[in-house]
Amino acid sequence: MNSKRNLLALGLSAAVLATLVGCGKKEEPKKEAAAPAAAPAPAKPDPLKIAFAYVGPVGDGGWTFAHDNGRKAIEKEFGDKVKTSFVENVPESADAERVMRDLASQGNKLIFGTTFGYMEPMLKVAADNKGIKFEHATGYKGAENLRTYDSRTYEGAYMAGVIAGKMTKSNTLGVVGSIPIPEVIRNINSYTMGAQSVNPKIKTKVVWVGEWFNPAKETEAATALINGGADVLLQNTDSKAVLQTAEKLGKRAFGWDSDMTAYGPKAHLGSAVINWGPYYIKATREALEGKWATGATWWGVKEGAIEMVNVAEDVPADIKAKVAEIKAGLKAGTFHPWTGPIVGQDGKEVLAKGVVADDKFLGGVKFYVKGVEGKVPGAK
Amino acid sequence: MNEIALLVAATFNAGTVLAIAALGLLINEKAGIVNLGAEGMMLCAAVAGFAAVVYTGNDWVGFLAGMGAGALMAAAFGVMVIWLNTNQYATGLALSLFGAGLSAFVGVGYVQAKLPPRGDYSIPFLSDIPFLGTALFKQHPLAYFALILMAAIVYFLFKSRAGLVLRSVGESPESAHALGYPVRRIRLLAVIFGGAMCGLAGAYLSVIYTPLWVQGMVAGKGWIALALTTFATWRPARVLLGAYLFGGVTMVQLALQSRGVAVSEQLLSMTPYIATIVVLALISRNPAWIRVNMPQSLGKPFYPGG
């Protein structure tokens, strides 16, 4: 009896502790939010309150870091006309809905959710808060006050591939994949096709870790790829572990989502970064001016959302010129990485010569192109 | 051939983290205390070790800081379960949750931090031996420490008087108490040792293995280490082998993937736990086995004079 009561008491104290720790974490964004509103002039209208829900820590140096740079771009652009705040480490679970409702009740009028897994929670919360505008990254379900946005990360992957195709000595590239959804498979294919455009002998090995963020496993996967002969790596995961592993083992790799030069100065070939700033500024301006309307946006190099930065010095000038040419082509709309003929792994043509893949095709890529080894997990 | 050597090397490295943590936990379990807080202790040690290296640039200071963090948390746990007689399982779980939260809270500022370049740990001459050199002699010193630790624990537990006392405390604390041994203090020391080794493993993870700090980076290795002691039926040599086995499962799976062989990643990450449940079921069917290896008073509180 006594021991049972002890157990109960302990369980309770554990719960209290966990809550305390949880609260401690949540206090921070509030502090951050309070700073810019230190001296509001009485005549001005109330600032537009904007909130962000992040899946990871802002310090991940990758995905969430890039979103937070976008948030800062809003503050820089609009100054005291807006008031931004964020909540980090919001899991893709029922917690997300609670956080969204919390943000809505705090008077935020524009709320960004920055990961695919917030789709259903945001749909629910948006339906109950018609006066608030919701923006969901990488999703595909909208509502009258919920719209989606994404970036064409595959354009960055393609440019990385062009560099990798030239810099590899073993003609074998490696990719550390996260979760086998079309976005990631598309990036693996784009990386491979970019490399094949300068080096037809390219083969790509893929190792899936099944998570967005698990640095130890990403390290192990990168090691396995390098041990298997790959010498230029790309990752579609959120940490800098793959670049660091390449640095340690004397191979090359890329930064992903954010500029990662500092984490592997010798290994770093370039960073395929996402710049969320232009879209975030556009969305904020629309909300401020009352012109916000639902829809779906998919921005790339053309709109300044994707960029290949800090290309390594030892990359030959002709390759640098080719990357610049691709960028210019993407900007002008004259070049598209997914232009036929594209051949699948089995040798069958998936896109006929001269045909440019439309967004629907790109959204449903579930196959590997020729040159990628292995099988897409779960594929028959 | 070289690829196999590299696979062995990677397995050796992956197993080291598990081995050091599990060997430490073995000692406190032999003294009759289960500490389910391993994951939390490893996380706190990982951030402590990482921060120490950021400030000092010295890996060994990082290991010491990690051991200190682990030992400190274990000591707090020890006082609660040994003197206040709180339930070991609940307290351990609380410690694990607390450690996960605390490490995330303290570590916010270190997520972006960078360590000085990691060195090369090849042993001169030995690392030039074909195959064996690559497979075994290019590891960080702590990888060999795990082997020494195992040997030292075998000697301590089964050949030394102090080890005999420790085991008696885990088997029958009442008898040990009657003979005049300070049961509670011995148990506390064992718990602190377990925490220090978990701490060392956690620091190795953030300072050498990955090397970076992010929230939750131990990613279940503490739980696998806990499962290992049971899987190994509390035998030090089996703990070590089990650590390499569990470490190897992941490495083999990743190596197969990079060769285009599809293996279910999800299924393989379950294997340590499935193996442990199987072993538990097996030893529970055979009372003789339990008597030989499992500390009789594991998880039970001790009331002196009670």
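Author: Start with pairing. Two strands pair if DSSP finds at least two bridges between them. Helices (H or I, at least four residues) and strands (E, at least two) are themselves DSSP runs, numbered from the N terminus. Here, four bridges join strand β5 (residues 146-151) of chain A to β11(A), and the two run parallel. The bridge partner of A:T148 in β11(A) is A:A296.

Reader: Before we go on, what kind of model is this, and how are its parts numbered?

Author: This is a predicted model: local features need pLDDT of at least 70, side-chain atom pairs count only at pLDDT 80 or more, and totals for chains, interfaces and linings use all residues. Residues are numbered from 1 along each chain as its sequence is written, while chains are lettered from A and ligands numbered from 1 in the order in which they are written.

Reader: What is the strand order of the open sheet with parallel pairing?

Author: The order is β2-β1-β3-β4-β5-β11 in chain A, six strands in total. Its edge strands are β2 (82-87) and β11 (296-299) of chain A, each pairing on one side only. Angles need a rule: axes are lines fitted to C-alpha atoms, for helices over the stretch in contact, and angles run from 0 to 180 degrees between N-to-C directions. The twist averages 20° from one strand to the next.

Reader: Which strands make up the open sheet with mixed pairing?

Author: Six strands of chain A, in the order β7-β6-β8-β9-β10-β12. β7 and β12 (306-309) of chain A stand at the edges with a single partner strand each, so one side of each lacks a neighbour in the sheet. Strand β6 (residues 172-177) of chain A pairs with β7(A) in the parallel sense over six bridges. Within that pair, A:G174 has A:K205 as its bridge partner.

Reader: How do I read the handedness of a β-α-β unit?

Author: Point the strands away from you. A crossover is right-handed if the path from the first strand over the helix to the second runs clockwise. β6(A), helix α6 (residues 182-196) of chain A and β7(A) make a right-handed unit of this type. α6(A) lies across β6, β7 and β8 of chain A, at about 165° to β6(A).

Reader: Are the residues of β7(A) buried or exposed?

Author: Buried means 20 or more other C-beta atoms within 10 Å of the residue's own; exposed means 12 or fewer, partly exposed in between, with C-beta atoms placed from the backbone. Six of the six residues of β7(A) (residues 203-208) are buried, so the strand is largely enclosed by the rest of the structure. A:K203, A:K205 and A:V207 point one way, and A:T204, A:V206 and A:W208 the other.

Reader: How many residues meet where chain B touches chain A?

Author: Contact means C-beta atoms, placed from the backbone, within 7 Å. By that rule, 40 residues of chain B are in contact with 44 residues of chain A. α4(B) gives the most to chain B's side, with nine residues. For classes, Ala, Val, Leu, Ile, Met, Phe, Trp, Tyr, Cys and Pro count as nonpolar, Asp, Glu, Lys and Arg as charged, and the others, Gly among them, as polar. Chain B's side has 23 nonpolar, twelve polar and five charged residues.

Reader: Where do the domains of chain A lie?

Author: Domain bounds come from an automatic or database domain assignment. It gives domain 1 (25-36 + 45-151) and domain 2 (153-275 + 304-363). Their C-alpha centres lie 29 Å apart.

How values were computed. Two residues are in contact if their C-beta atoms, placed from the backbone, lie within 7 Å.
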